[in-house]
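Q: Could you take me through the boundary between the two domains of this protein, and then through what surrounds the ligand? I would enjoy one connected tour.

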Amino acid sequence: MNIGIDKIGFAAPSYVLDLADLALARQIDPNKFKVGLLQSEMAVAPITQDIVTLGAQAAAAILTDEDKAAIDMVIVGTESSIDQSKAAAVFLHQLLDIQPFARSIEIKEACYGATAGLSLAKSHIAQFPHSKVLIIASDIAKYGIASGGEPTQGAGAVAMLVTADPSIMILNNDNVCQTRDIMDFWRPNYDKYPRVDGKFSTEQYTDCLTTTFDYYVEKTGKSLADFAAMCLHIPFSKQGLKGLQAICHQDEETLNRLTERFHEAIVYNKVVGNIYTGSIFLSLLSLLENSQSLKTGDAILFYSYGSGAVCEIFSGTLVEGYRNQLLTDRLDQLNARKRLDVTEYEAIFFEEIKLDEAGNAIDLPLDDTPFALQNIEQHKRIYRKN
Ligand code: HMG
């Protein structure tokens with residue numbers, strides 16, 4: 001049985017910051033971000049948008065009533081949880097009107113969580129072929145004002161429907177993982193923002209890729225010649241490009257071919273920033289919606305990396321008619337976001353919810369986007385569908 005991605009949707013908050021403006025405000029050469037990191041803009045979320053509202057928007061864009069009646073598992077991959085106990089998937093299950101007899105869970109392992117969700121979904125569909133599984137990768141990446149990671153922030157969610165006989169991409173059974181206990185990026189429970197050993201994290205990203213890829217080649221007998229494109233985890237676009245260069249180092253022709261596809265695969269990431277668990281799938285969406293040269297039957301190689309670290313290399317094959325599931329105006333939608341200046345960005349992205357003694361939100365602004373945090377009453381988050 002073929003199992004894979006049947007639909008894919010994306011949502012970003014409606015605010016954006018130009019990294020050239022950020023560079024000027026921080027007295028940095030704008031080319032460091034534009035050329036050095038290969039990033040041009042980043043998405044900025046207000047306090048009324050969180051992993052639940054962004055995830056709901058991404059999923060609502062792709063789900064039909066028929067899907068909602070067939071979904072019996074909702075998986076959220078995130079490292080920006082809104083609660084230490086209750087899964088964001090439970091809020092999402094309700095907001096999206098999914099039939100009640102479903103399992104709803106949250107998976108955490110830095111940027112890798114949603115990839116683990118994909119494997120879990122595949123196993124579930126193999127057991128129950130008529131089921132559908134909704135995976136939502138939703139995160140808000142914040143490193144703090146004037147921090148080293150500031151230009152690599154972002155916010156957004158990708159939703160994927162996993163089914164038998166999928167309409168976009170079959171997931172092949174060639175997954176290879178690696179776990180490596182390192183402290184490259186982590187966030188203790190008492191910290192608002194992650195701690196990061198930036199340079200070490202970039203080295204580990206690449207070393208995990210090259211060593212896992214060697215094992216992948218050994219185990220599967222496949223090589224880069226088998227793939228039309230590669231999608232990598234994109235903390236910032238230059239990191240992905242360096243990863244690609246690291247595994248193609250002895251083969252210039254393959255590197256040139258895959259680099260052309262790579263640039264199509266970062267069109268959205270460059271203007272959204274790091275969305276942690278969703279970054280690799282945003283890159284897939286970018287590739288599918290911006291590449292004219294991909295075709296049915298083409299295989300795509302994936303490298304998912306979550307700090308800490310767990311990584312996975314796997315592949316998928318495009319199916320007939322996959323283009324019918326995609327949008328042609330997504331970049332126009334992203335270009336229509338409200339542009340913030342640096343003062344507005346600092347105020348909006350780093351605003352914190354104020355609670356009174358009873359745990360009720362004070363002065364939470366009204367947000368008319370399709371899903372929004374409406375209130376907090378006695379420490380309970382209340383969401384609104386507009
Ligand atoms: P930095 O120290 O500010 O930057 O931090 P840099 O000095 O390394 O410069 C960056 C690049 O810009 C360099 O290019 C410079 O040469 C270039 P490279 O040599 O590496 O090719 N540059 C310029 N280029 C053109 N014109 C100029 C100019 N100046 C410099 N004028 C760092 C960069 C990424 C470390 C920082 O932003 C950071 O800490 N980010 C967060 C950590 C991160 O994203 N790590 C990536 C790997 S780990 C990962 O992917 C997991 C993650 O997503 C989390 C998770 O799993 O949950 C982060």
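A: Happy to. The protein is divided into domain 1, covering 3-168 + 327-385, and domain 2, covering 171-322. Please keep in mind that this is a predicted model. The C-alpha centres of domain 1 and domain 2 are 20 Å apart, and the contact draws on 56 residues from domain 1 and 55 residues from domain 2.

How much area goes into that boundary? The size of an interface is often given as the accessible area lost when the parts come together. Here, domain 1 and domain 2 bury about 4300 Å² between them, with 61% of it on carbon and sulfur atoms. On the domain 1 side, the residues that lose the most area to domain 2 are L38, C111 and Y143, which together account for 15% of what that side buries.

For background, most residues other than glycine have a negative phi, and most peptide bonds are trans.

Now for the polar side of the boundary. There are 27 residue pairs in polar contact between domain 1 and domain 2. Several elements give two or more residues to the side of domain 1 that touches domain 2, among them β1 (3-11), α2 (30-36), β3 (41-44), α6 (113-127) and α12 (330-335). By type, the residues of that side divide into 29 nonpolar, 18 polar and 9 charged.

Side chains of opposite charge can pair when their charged atoms come close. Between domain 1 and domain 2 the count is 2 salt bridges. Elsewhere in the list of charged pairs, R330 and E289 meet through their side chains in a salt bridge, at 2.7 Å from N to O.

The whole structure holds 17 salt bridges. One pairs K222 with D174, whose closest N and O atoms are 2.7 Å apart. K222 lies in the loop between α7 (198-220) and β12 (229-232) and D174 in the loop between β8 (169-171) and β9 (176-179), so this pair ties together parts that are 48 residues apart in sequence.

On to the ligand, which is surrounded by 29 residues; K32, E79, C111, K242 and S307 are the closest. An oxygen atom of the ligand lies 2.7 Å from a polar side-chain atom of K32, while a polar backbone atom of S307 is 2.8 Å from a ligand oxygen atom. For T152, an N or O atom in the side chain is 3.4 Å from a nitrogen atom of the ligand.

One last stop is the peptide bond from G308 to A309, which is cis, with omega near 5°. A309 is found in the loop between β13 (299-306) and β14 (310-318).

Notes. Residues numbered from 1 in each chain as written. Predicted model: local features only at pLDDT ≥ 70, side-chain atom pairs only at ≥ 80, totals over all residues. Heavy atoms only, no water. Domains from an automatic or database assignment. Contact = heavy atoms within 4.5 Å. Buried area = accessible area lost by both parts, 1.4 Å probe. Salt bridge = Lys/Arg side-chain N within 4 Å of Asp/Glu carboxyl O. Polar contact = N/O pair within 3.5 Å; in protein donor to acceptor, adjacent residues only side chain to side chain. Helix = DSSP H or I, 4+ residues; strand = E, 2+ residues; numbered from the N terminus. Nonpolar A, V, L, I, M, F, W, Y, C, P; charged D, E, K, R; others polar. Near = heavy atom within 4 Å.
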